[in-house]
Amino acid sequence: TVRDFDEAVTRVTFGFPSVDAYYAASSSRNVISDVKTPLLVVQARDDPIAVSSATPRDAIAASEHVLLVETESGGHLGWTAGEEAPFGSPWPDLGAIQFLNALRDGAHLEGGGGGEGRGAGAAAAASESLEAAI
């Protein structure tokens with residue numbers, strides 16, 4: 001498993017006392033509240049590498065800068081796209097492009113933190129695109 005690999009190789013290579021210590025130190029949970037730039041996070045609940053239980057949902061919901069879009073499937077970067085996908089790119093690519101375009105055009109991201117960060121239209125653009133693709 002990935003955990004077995006991380007226990008045998010990764011944690012040893014980087015000097016962690018245990019695989020759990022490596023996972024705790026490497027988690028975005030520790031820094032997601034520090035994000036001050038609009039960030040689109042696309043997560044598949046069946047991802048075997050970035051497991052769903054590790055997603056810091058509370059911290060993301062509290063942030064005015066982070067938008068989390070979750071899908072039931074997709075694995076680890078394994079989302080597939082339909083025939084309309086440019087060059088066969090996975091469908092989250094279109095949502096990311098729309099998110100970035102909305103930010104460029106001055107939209108604002110609505111977060112759970114009660115305020116508005118730069119770029120709610122970006123959230124809507126990304127969410128609509130991703131929901132349509134699912």
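Tutor: Happy to! One term before we start: pLDDT is the predictor's confidence in each residue, from 0 to 100. We need that here, as this is a predicted model.

Student: OK, what's the mean pLDDT of the protein chain?

Tutor: The mean is 79, and 72% of the residues reach 70 or more.

Student: And where is confidence lowest, and where highest?

Tutor: Lowest is strand β4 (residues 116-118), with a mean of 41, while helix α1 (residues 2-13) is highest at 95. Over residues 111-119 the pLDDT is below 50, though that stretch still has 31 contacts in the model beyond near neighbours in sequence.

Student: Switching to strands: do β1 and β2 pair in the parallel or antiparallel sense?

Tutor: Parallel, over six bridges, with β1 covering residues 39-44 and β2 residues 66-71. Within that pair, V42 stands opposite V69 in β2.

Student: How does the chain cross from β1 to β2?

Tutor: Through helix α3 (residues 57-62), in a β-α-β crossover that is right-handed.

Student: Back to α1. At what angle do α1 and α2 pack?

Tutor: About 90°, with the axes 9 Å apart; α2 spans residues 19-26. Angles of 65 to 115 degrees count as roughly perpendicular, so α1 is roughly perpendicular to α2.

Student: Nice. Which residues meet there?

Tutor: From α1, V2, R3, D6, E7, T10 and R11; from α2, V19, D20, Y22 and Y23. By class, this contact has five charged, four nonpolar and one polar residue.

Conventions: Residues are numbered from 1 along each chain as its sequence is written. This is a predicted model: local features need pLDDT of at least 70, side-chain atom pairs count only at pLDDT 80 or more; totals for chains, interfaces and linings use all residues. Side-chain values use heavy atoms; hydrogens and water are left out. Helices (H or I, at least four residues) and strands (E, at least two) are DSSP runs, numbered from the N terminus. Contact means heavy atoms within 4.5 Å. Two strands pair if DSSP finds at least two bridges between them. A crossover is right-handed if, with the strands pointing away from the viewer, the path from the first strand over the helix to the second runs clockwise. Axes are lines fitted to C-alpha atoms, for helices over the stretch in contact, and angles run from 0 to 180 degrees between N-to-C directions. Angles under 35 degrees count as roughly parallel, over 145 as roughly antiparallel, 65 to 115 as roughly perpendicular and the rest as oblique. Ala, Val, Leu, Ile, Met, Phe, Trp, Tyr, Cys and Pro count as nonpolar, Asp, Glu, Lys and Arg as charged, and the others, Gly among them, as polar.
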